[in-house]
Amino acid sequence: MLLAFLPRMEMLLFGIWTLLTLIPCPGAIEELFEVSVWPNQALVEFGQSLVINCSTTCPNPGPSGIETFLKKIQVGKGLQWKEFLLEDVTENSVLQCFFSCAGIQKDTSLDIIVYQPPEQVILELQPAWVAVDEAFTVKCQVPSVTPLENLTLTLLQDNEELHRKNFVSMTVASQRAEVTISVRAQRENDRCNFSCHAELDLSSQGGGLFHGNSAIKLLRIFEFSQSPQIWISSLLEVGMAETVSCKVSRVFPAKEVIFLMFLGDQELSPFLFWREDTAWANATVRAMETGDQELSCIVSLGPMEQKTRKSVYVYSFPPPILEIEELYPLAGTDINVTCSGHVLTSPSPTLQLQGAPTLSAPGETVWLLLTAREEDDGRNFSCEASLEVQGQRLVKHTVTQLHVLYKPRLEESGCPGNQTWVEGMEQMLTCVPEGNPVPALECTWNGMIIDLEVPQKATQNHTGTYCCTATNKLGSVSKDIDVTVEGLDKGVNSTLFIIIVVLGVGGITLALYLNYRPCKMKRKKLPYRQKKYNKEEEDNQFAVQQAEKCNSHNC
């Protein structure tokens with residue numbers, strides 16, 4: 001019976017041993033605990049805060065916490081966890097989270113990565129104005145950005161990529177990124193827009209994509225290799241308006257050139273012009289003081305400025321003074337004509353009066369005494385003054401017209417005493433009087449006044465003697481004119497003969513005139529009607545006075 005009980009005891013003991021082996025001891029449980037931290041990836045913006053949760057699977061943990069040089073505050077806890085706030089995170093770091101369980105300590109680490117988006121992107125063009133074929137630099141910088149190895153900078157010219165740079169190989173701890181390139185300026189670069197684009201890619205760290213852009217900078221290209229030139233006479237007359245021109249060639253862009261022009265301290269008002277690669281300015285200058293003065297022209301384009309000067313001499317030379325003792329003398333009257341220099345002319349000019357025998361010495365007045373004749377009516381007298389200034393001879397003239405008053409005349413040349421008309425042809429009585437004032441003409445036939453301006457068909461009845469009378473304020477004169485009306489055949493033959501003779505004489509006269517043409521006296525011409533009306537007005541004004549004078553002398 002005892003032997004039967006022993007097998008059962010062995011089986012019971014084996015079962016108890018098996019059960020004991022399945023129940024772990026307290027030390028084994030504690031050795032199996034784990035420590036974890038949240039978040040498992042820490043990406044924090046520069047200067048911001050981060051919440052860290054540190055936890056364990058130990059059922060009854062001992063001492064625990066985190067180790068970091070960052071400023072930390074515990075904000076919560078439980079039996080198996082603790083939560084901390086990290087403030088003002090400004091640099092990358094590695095945080096340690098630890099727990100102890102039954103005397104055994106375990107920890108886990110967390111890499112904290114600090115990032116700073118490219119909020120400020122600065123672009124510089126040096127210089128802002130560049131001469132053609134000169135080099136300029138394009139510089140882009142981001143003062144604060146991290147991590148640099150995730151940054152790419154792109155330089156753009158009018159939205160086209162000019163240069164790209166990444167910073168993958170940057171191992172130094174830096175928060176400043178910069179890229180600089182050098183470009184040679186061409187005309188087509190003028191007014192191009194330059195910009196810089198920054199891109200921070202944090203997708204590999206569980207973050208996003210950050211962008212930054214610089215302000216757009218405008219590049220100016222210019223060409224200004226030649227000096228400006230001033231165009232004006234070296235002699236200026238005081239008070240007289242002259243045009244001064246300042247010109248510059250091979251300049252770009254020509255339409256943006258700025259001109260400043262001065263006569264001494266007096267600023268002029270130029271009008272600007274440009275065409276292709278040339279710019280110029282014209283201004284009116286009026287010097288009010290005599291002597292040496294300086295004209296200056298300042299031309300500027302962008303940062304460049306050039307100045308040119310020209311010396312001018314300002315002189316005073318008013319026209320000479322021509323005086324006729326009496327502008328409307330009666331025929332036969334003695335008159336004095338004087339030619340003198342103006343008091344403002346310096347130095348004194350040399351004078352010459354037309355008709356006077358010789359030149360005067362400088363400063364001396366020239367005079368001429370003459371007796372007015374009928375042929376002098378309408379004669380122009382010229383007073384010439386010459387002056388040497390800075391080696392140049394200057395000449396000025398003053399012209400005055402003489403008007404001689406005389407009684408009417410009916411000369412054979414203008415009023416033939418015998419006139420032949422052709423029967424059946426349109427005819428007019430030919431009679432042009434002479435005299436000053438211009439005489440009024442009246443012709444009668446058989447006691448009737450005829451119209452001298454309306455032609456009439458000639459008949460045998462028109463044969464006879466006509467009486468023409470010319471009258472002005474100084475008197476009158478009459479003349480008989482015999483008119484003969486011939487038959488058509490005889491008249492035509494005689495008329496053809498007269499025409500042939502006149503044409504022959506006219507041709508010979510013209511040939512002689514063209515070959516032996518004398519120098520004509522210079523005179524100031526007025527339009528016919530203006531001259532006629534002025535003459536009649538002047539004649540009527542003085543005619544009465546001269547008539548009275550003539551009567552008092554028993555002319």
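Visitor: Why is C192 called buried here?

Guide: This is a predicted model, by the way. C192 has a relative accessible area of 6%, and buried means under 20%, so C192 counts as buried.

Visitor: And what about C467, buried, exposed or partly exposed?

Guide: C467 comes out at 27% relative accessibility.

Visitor: Then which cysteine does C468 pair with?

Guide: With C443: their sulfurs are 1.9 Å apart, and the cut-off is 2.5 Å. C443 lies in strand 38 (residues 440-445) and C468 in strand 41 (residues 464-472), so the bond ties together parts that are 25 residues apart in sequence.

Visitor: What makes C443 and C468 count as buried?

Guide: C443 has 1% relative accessibility and C468 has 0%. With the limit for buried at under 20%, both therefore qualify.

Visitor: Why is the disulfide of C443 and C468 called right-handed?

Guide: The torsion about its S-S bond is about 115°, so it is right-handed.

Visitor: How many disulfides does a search of the whole structure find?

Guide: Seven. One of them joins C246 and C297, with 2.0 Å between the sulfur atoms. The torsion about that S-S bond is about -95°, so this disulfide is left-handed. C246 is in strand 20 (residues 241-248) and C297 in strand 26 (residues 291-301), so the pair links parts 51 residues apart in sequence. Both cysteines are buried.

Visitor: How do you know that C415 and C431 form a disulfide?

Guide: Their S to S distance is 2.1 Å, to be set against the 2.5 Å limit. The S-S torsion is about -90°, so this one is left-handed. C415 sits in the loop between strand 34 (406-409) and strand 35 (418-422), and C431 in the loop between strand 36 (426-427) and strand 37 (434-436), so the bond ties together parts 16 residues apart in sequence. C415 and C431 are buried.

Visitor: On to the nonpolar cores. Which residues have the most contacts inside the largest one?

Guide: That core has 28 residues, and those with the most contacts inside it include V138, C140, L151, L153, L155, A177 and F194. Among the elements that give two or more residues to it are strand 11 (135-142), strand 12 (151-157) and strand 14 (177-184). The largest share, five residues, comes from strand 15. Apart from this core lies another of 26 residues, among them A254, A281, L295 and C297.

Visitor: What does L151 touch?

Guide: Leaving aside residues up to four places away in sequence, L151 touches V145, K165, N166, F167, A177, A198, E199 and L200.

Visitor: One more topic, then: what makes strand 2 and strand 4 edge strands?

Guide: They belong to an open sheet of four strands, with the order 2-8-7-4 and mixed pairing. Strand 2 (42-45) and strand 4 (64-67) each pair on one side only. Strand 4 pairs with strand 7 (residues 93-101) in the antiparallel sense over four bridges, and pairing requires at least two. E67 stands opposite Q96 in strand 7. On average, neighbouring strands of the sheet are turned by 25° against each other, direction ignored.

Notes:
Residues numbered from 1 in each chain as written. Predicted model: local features only at pLDDT ≥ 70, side-chain atom pairs only at ≥ 80, totals over all residues. Heavy atoms only, no water. Core = buried A, V, L, I, M, F, W, Y, C linked by side-chain atoms within 4.5 Å. Buried < 20%, exposed > 50% of the residue type's maximum accessible area, 1.4 Å probe, protein only. Contact = heavy atoms within 4.5 Å. Axes fitted to C-alpha atoms, helices over the stretch in contact; angles between N-to-C directions.
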